[in-house]
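Q: Hi! I have a protein model open and would like to talk it through. Could we start with the aromatic rings?

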Amino acid sequence: MRKRLRKHARLARYVIYKETLIDFKDHFWTFLGSFAGIALIGLLNKENFSHTDNLFLIGSFGASSVLIYGIVNSPLAQPRNLVGGHVICAFVGVTVHYIIPNEVWLSSAFAVSLSIVAMQMTKTLHPPGGATALIANIGSEKVTSLGYLYVLSPVLSGVLILLLVALVVNNMTSHRTYPKNKLWYKIWKRRYR
């Protein structure tokens, strides 16, 4: 019995290790894409804000970079989910902040929870979107004072930059393709593949 358990444990470790193993080429393209995407957003914003108040570099973009450059074939990393998830969550986050302005704990909980449901209903589930909604409620005074402009800039403009870089970098090589579904932009079709 003990010998059999050890054999299964070794097999499980091997399978888990093998499934998470990524070759050097993927490491290179992941680094290049995430570096270019985040650097481009920061560079475009460099002259307008100080280091501590860099509005265009919101934390949820780092998590999105993990998905769109590191796990390119994940359903959560596809363009529809990336753009739709962030924009919907930013809109929900700002709206909740206007409705419940002084209770940060309550507005934060509502914003994240409503954002998740809105992404599920629109089939745009993108986990970093929850952070985008949260930032609309707990962000600095400059962030919260943006109001609905927060949806357009930094969220939509930053997400479009990340998407453009992902489209270029992830398709520069033959072993990576992005997006997984080449008809991702056809959101008006009833049956989305």
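Predicted model: local features only at pLDDT ≥ 70, side-chain atom pairs only at ≥ 80, totals over all residues.

A: Phe91, Tyr98 and Tyr148 form one aromatic cluster. Rings of Phe, Tyr and Trp (its six-membered ring) pair if their centres lie within 6.5 Å; planes under 30 degrees apart count as stacked, over 60 as edge-to-face and the rest as tilted. Residues are numbered from 1 along each chain as its sequence is written, and side-chain values use heavy atoms, with hydrogens and water left out.

Q: Okay, how many aromatic pairs does the structure hold?

A: Four aromatic pairs. One of them joins phenylalanine 91 and tyrosine 148, a tilted pair with 5.4 Å centre to centre and 35 degrees between the planes. Phenylalanine 91 sits in helix H4 (residues 79-99) and tyrosine 148 in the loop between helix H7 (141-145) and H8, so this pair ties together parts that are 57 residues apart in sequence.

Q: And how are the rings of tyrosine 98 and tyrosine 148 placed?

A: Their centres are 5.4 Å apart and their planes are at 50 degrees, so the pair of tyrosine 98 and tyrosine 148 is tilted. Tyrosine 98 belongs to helix H4 and tyrosine 148 to the loop between H7 and H8, so the pair ties together parts 50 residues apart in sequence.

Q: What does tyrosine 98 count as, with its relative accessibility?

A: Tyrosine 98 is partly exposed, at 47% relative accessibility. Phenylalanine 91 is partly exposed at 48%, and tyrosine 148 is partly exposed at 35%. Here buried means under 20% relative accessible area, exposed over 50%, and partly exposed in between (1.4 Å probe, protein chains only).

Q: Let's zoom out. How many helices and strands are there?

A: Eight helices and zero strands. Helices (H or I, at least four residues) and strands (E, at least two) are DSSP runs, numbered from the N terminus. Of the 193 residues of the protein, 39% count as buried.

Q: Are arginine 176 and aspartate 26 buried or exposed?

A: Both arginine 176 and aspartate 26 are buried.

Q: New topic: which residues make the nonpolar surface patch?

A: Phe24, Phe28, Leu32, Val168 and Met172 make a patch of about 520 Å². Patches are made of residues with over 30% relative accessible area and no salt bridge, joined within 9 Å for like charges and within 5 Å for nonpolar side chains (Val, Leu, Ile, Met, Phe, Trp, Tyr). Accessible areas come from the Shrake-Rupley method with a 1.4 Å probe, and for residues only the protein chains shown count as cover. Helix H2 (residues 24-45) gives the most to this patch, with three residues.

Q: Where is methionine 172, then?

A: Methionine 172 is in the segment after helix H8 (149-169).

Definitions and conventions. Salt bridge = Lys/Arg side-chain N within 4 Å of Asp/Glu carboxyl O.
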